[in-house]
Amino acid sequence: MKNIYLILAIVTFGISSAQDSLSVKNKLRLSGGFESNNQYYLDDSKLGDFGYENRFRSNTYFNLNFNYGKWTTGFQIESYEPDALLNYNPKFKDVGFGTYYLNFKSDKVDFTLGHYYEQFGSGLLLRTWEDRALGINNALLGGRLIYRPTENVNLKILYGRQRSGFEVTDGHIFGADSEFYLNKLFKFQVSSLSVGFSYVGRYEKIAIENPNFDALTNGFAGRFNFNHNSFYMSGEFNYKSEDAIIDIQNKINNNLVKSGSAVLTNFGYSKNGLGIDVSLRRLENMGFFSEREPEIIDAENTSINYNDKFMNYIPALTKQHHSNLANIYVYQAQSRVSYLDVEKMKAGETGGQIDVFYNFKKGTKLGGKYGTKVAFNYSAWYNLPGEYRYFPEEYKTDVFGVGDKYFTDINFEVKKRMASSWYSNLYYVNQYYDKSLLEGGDLVKTNILSSENIFKFGKSRSLRVEAEHMWADADRYNWAGATVEYNFNQHFSCYFWDIYNYGAHYDLQKNHYFNMGGAYRKGATRIAVNYGRQRGGLVCVGGVCRFVPESTGISLSLSTSF
């Protein structure tokens with residue numbers, strides 16, 4: 001607790017220093033932010049007693065940035081006292097400097113020493129970023145140079161070691177990226193075209209005798225982006241050189257050495273209220289880590305379970321649902337080789353999704369007085385087809401076709417303004433989720449229906465009411481849920497929601513997972529309080545997920561920026 005109070009004191013000092021510095025001819029500019037997420041875990045007569053140490057847990061972040069002309073420096077202090085929130089990476093422990101950096105930026109040169117975040121292309125070879133809700137901060141510690149010789153050329157080189165907790169990993173990461181904008185070269189008037197090329201190398205000493213792979217693993221990528229009037233298209237190809245596969249015991253398999261590849265394409269059209277977007281992707285052995293062998297955390301978890309030491313970004317290309325029930329069976333991208341048993345062997349994924357949007361205009365039969373918006377989404381993902389051998393482990397995939405089905409999601413949404421202050425949304429979802437291939441368990445098929453209504457009272461008051469139901473044929477079977485949220489004004493809101501697993505075959509599983517709370521906002525400051533039960537399972541942000549266990553507790557969150 002003392003460390004949290006210390007950080008709060010630093011925040012107060014930082015804000016006062018910012019005000020003082022800004023008053024001195026605006027030469028020195030200061031900015032920063034503070035965020036603290038705290039929870040006190042409770043025993044629960046239905047879910048059971050809290051079985052871990054330290055019922056009170058906290059994740060706290062304070063960052064401060066100083067800018068003077070072309071120079072900027074800053075740092076982020078992080079506190080996980082007395083422990084991080086439940087099921088965050090155990091390496092987030094105590095108090096320390098999470099990141100720090102020094103940056104020089106001019107019109108043509110951008111140079112950074114210290115921690116930095118970077119992404120090449122779509123991130124299939126390299127992306128480092130921070131997401132506090134997922135417990136991800138995999139910044140690189142080293143140096144990066146960006147050079148823009150002209151407005152049509154962007155060049156990057158970098159070196160670093162990846163952050164893991166308050167330490168760095170053993171792997172050395174090298175990278176180079178280029179982007180060329182070709183509009184002027186081809187004298188485009190209503191079109192645009194750019195191409196890019198990337199290289200990423202990961203060097204890690206090999207600790208086994210007579211390895212069948214090199215210490216340096218190389219990744220190469222090429223990409224393009226093209227737009228013409230209302231049509232757009234992009235494509236990307238990535239290749240990772242041969243490297244050892246990790247076996248089911250999370251050890252290097254020197255007898256199974258494979259290369260990896262990823263192909264991604266996206267195209268679409270948008271005009272006159274119609275939008276069509278298609279994304280297709282094929283991944284084979286594209287797990288790319290700053291250390292080959294995952295770190296063993298405990299009997300059930302490795303660093304992979306905590307999204308630690310990932311060098312690349314591979315989100316699930318599926319609909320990101322706003323329904324609580326539609327987020328029970330959430331697909332995660334299958335980028336790694338995995339031999340679960342003699343019947344379940346995976347080398348990646350292939351599939352895609354299509355989104356179709358249409359806005360029926362006001363005054364038409366389907367549009368009515370206020371217009372009507374409809375949206376359709378379909379996604380489907382499969383294992384790679386080919387020949388798989390369980391022992392000794394071996395596989396050979398086919399380039400085209402599909403293997404065993406992992407997941408499908410078909411959903412349809414209608415948004416309609418019923419009156420000047422009444423907005424309605426009807427949502428249907430059909431899912432196919434093979435838990436036996438994705439996480440272990442049953443094959444589940446679901447149908448979900450959700451109805452949401454928002455009523456506005458004046459400029460700042462509103463009421464949101466949502467009711468939803470899931471019909472499922474396996475696992476925990478049927479669920480029902482409801483949400484009520486009220487905004488008193490632009491500053492204060494409160495809510496209550498509950499999802500009930502009434503269809504479970506066992507009484508112990510027939511639980512209400514309820515949450516109630518409120519939030520107060522003023523300017524850049526937000527305070528939120530919540531009490532309730534956490535449903536065990538995946539929590540996802542932007543197609544990337546982390547697992548959380550069931551729990552009950554009271555939480556307090558505070559965030560501000562300056």
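## Around strand β33 and a strand trio

Leaving aside residues up to four places away in sequence, Thr560 touches Gly33, Phe34, Ala524 and Thr525, where contact means heavy atoms within 4.5 Å. This is a predicted model, in which local features need pLDDT of at least 70, side-chain atom pairs count only at pLDDT 80 or more, and totals for chains, interfaces and linings use all residues. Residues are numbered from 1 along each chain as its sequence is written, and side-chain values use heavy atoms, with hydrogens and water left out.

Thr560 lies in strand β33; strands here are DSSP runs (E, at least two residues), numbered from the N terminus. Its side chain also makes a 2.8 Å polar contact with that of Thr525. Such a contact is a pair of N or O atoms within 3.5 Å, one able to donate a hydrogen and the other to accept it, and residues adjacent in sequence count only if both atoms are side-chain atoms.

Elsewhere, strand β12 has two antiparallel partners; strands pair if DSSP finds at least two bridges between them.

| β11 (residues 172-181) and β12 (residues 191-203) | ten | Tyr181 with Ser194 |

Key: Helix = DSSP H or I, 4+ residues; strand = E, 2+ residues; numbered from the N terminus.
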